[in-house]
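Dear colleague,

Please find below the structure that I am handing over to you, together with its sequence. My findings follow directly after it.

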Amino acid sequence: MDNKVWAAVRALFVAVLVISVATLGVAALIGGNWVVWLRGAAVAVTAVWLVALAGQAARGKRSAYVRIRFVTIAAPIGIVLILVAPDSGYPGWMKAEQALVGVLVAAVALLVNRRAVRQAFPKRGKLG
């Protein structure tokens, strides 16, 4: 398995973490409703978890890889729902931030769902 893939995945997850922490900083400066604080904190905590999972997957842990695949497919779908919801409680600036996070997470999905990466994490009982 090429560790360049996992370095890129980790870098993208760190970018999500930095953006989400910056979002909390913006919320502190200009004020944010409970939805902004809850979503911002949840994304930051999730990003920390995903960075840790990326490290585990880079070391060959299949369960970490499977979790990353699931989250990187499900999260962009949830973000699209937030973006198109007419009255979600998210201000426009946070919707823009979520769109950026969605693009970064979707980029990870493209990386980890490539054939070579999937083959590096075979299901138990499969030899290739």
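The buried residues of helix 3 pack against helix 1, helix 2, helix 4 and helix 5, where contact means heavy atoms within 4.5 Å. Those buried residues are Ala64, Tyr65, Ile68, Val71, Thr72, Pro76, Ile79 and Ile82; buried means under 20% relative accessible area, exposed over 50%, and partly exposed in between, with a 1.4 Å probe and protein chains only. Helix 3 has 23 residues, which should span 33 Å at 1.5 Å a residue, and the 34 Å between its end C-alpha atoms agrees with this. The expected span of a helix is taken as 1.5 Å times one less than its number of residues.

Please note that this is a predicted model, in which local features need pLDDT of at least 70 and side-chain atom pairs count only at pLDDT 80 or more, while totals for chains, interfaces and linings use all residues. Residues are numbered from 1 along each chain as its sequence is written, and side-chain values use heavy atoms, with hydrogens and water left out.

As to the overall arrangement, the protein has five helices and zero strands. Helices (H or I, at least four residues) and strands (E, at least two) are DSSP runs, numbered from the N terminus. The C-alpha trace spans about 55 × 25 × 20 Å along its principal axes. Of the 128 residues, 36% are buried. Among contacts with a separation of 6 or more, 74% are between residues 24 or more positions apart.

Helix 1 has 28 residues, and the 40 Å between its end C-alpha atoms agrees with the 40 Å that it should span at 1.5 Å a residue. Its buried residues include Trp6, Leu12, Phe13, Ile19 and Leu24, and the buried residues of helix 1 pack against helix 2, helix 3, helix 4 and helix 5. Valine 21 also lies in helix 1, but its relative accessibility of 48% means that it counts as partly exposed. The C-alpha atom of valine 21 is 9.6 Å from that of valine 45, which is 24 residues away along the chain. After helix 1 comes glycine 31, whose phi is positive, near 90°.

Helix 4 comprises 21 residues and reaches 30 Å from its first C-alpha to its last, close to the 30 Å expected. Met94, Lys95, Glu97 and Gln98 are among its buried residues, as are Val101 and Gly102. The cover over the buried residues of helix 4 includes helix 1, helix 2 (34–58), helix 3 (62–84) and helix 5 (115–119).

How do helix 1 and helix 4 lie, roughly parallel or roughly antiparallel? Their axes come within 10 Å and cross at roughly 170°, and the two helices are therefore roughly antiparallel to each other. The residues of this contact comprise 22 nonpolar, two polar and one charged. Axes are lines fitted to C-alpha atoms, for helices over the stretch in contact, and angles run from 0 to 180 degrees between N-to-C directions; those over 145 degrees count as roughly antiparallel and those under 35 as roughly parallel.

Finally, an unreviewed UniProt entry carries the annotation "transmembrane region" for residues 7–30, 36–54, 66–86 and 98–117; such annotations may be inferred rather than shown by experiment. In the model, residues 66–86 are 90% helix and 0% strand, with the end C-alpha atoms 33 Å apart. Residues 98–117 are 90% helix and 0% strand, with the end C-alpha atoms 27 Å apart.

Yours sincerely

Note on methods: Parallel < 35°, antiparallel > 145°, perpendicular 65-115°, else oblique. Nonpolar A, V, L, I, M, F, W, Y, C, P; charged D, E, K, R; others polar.
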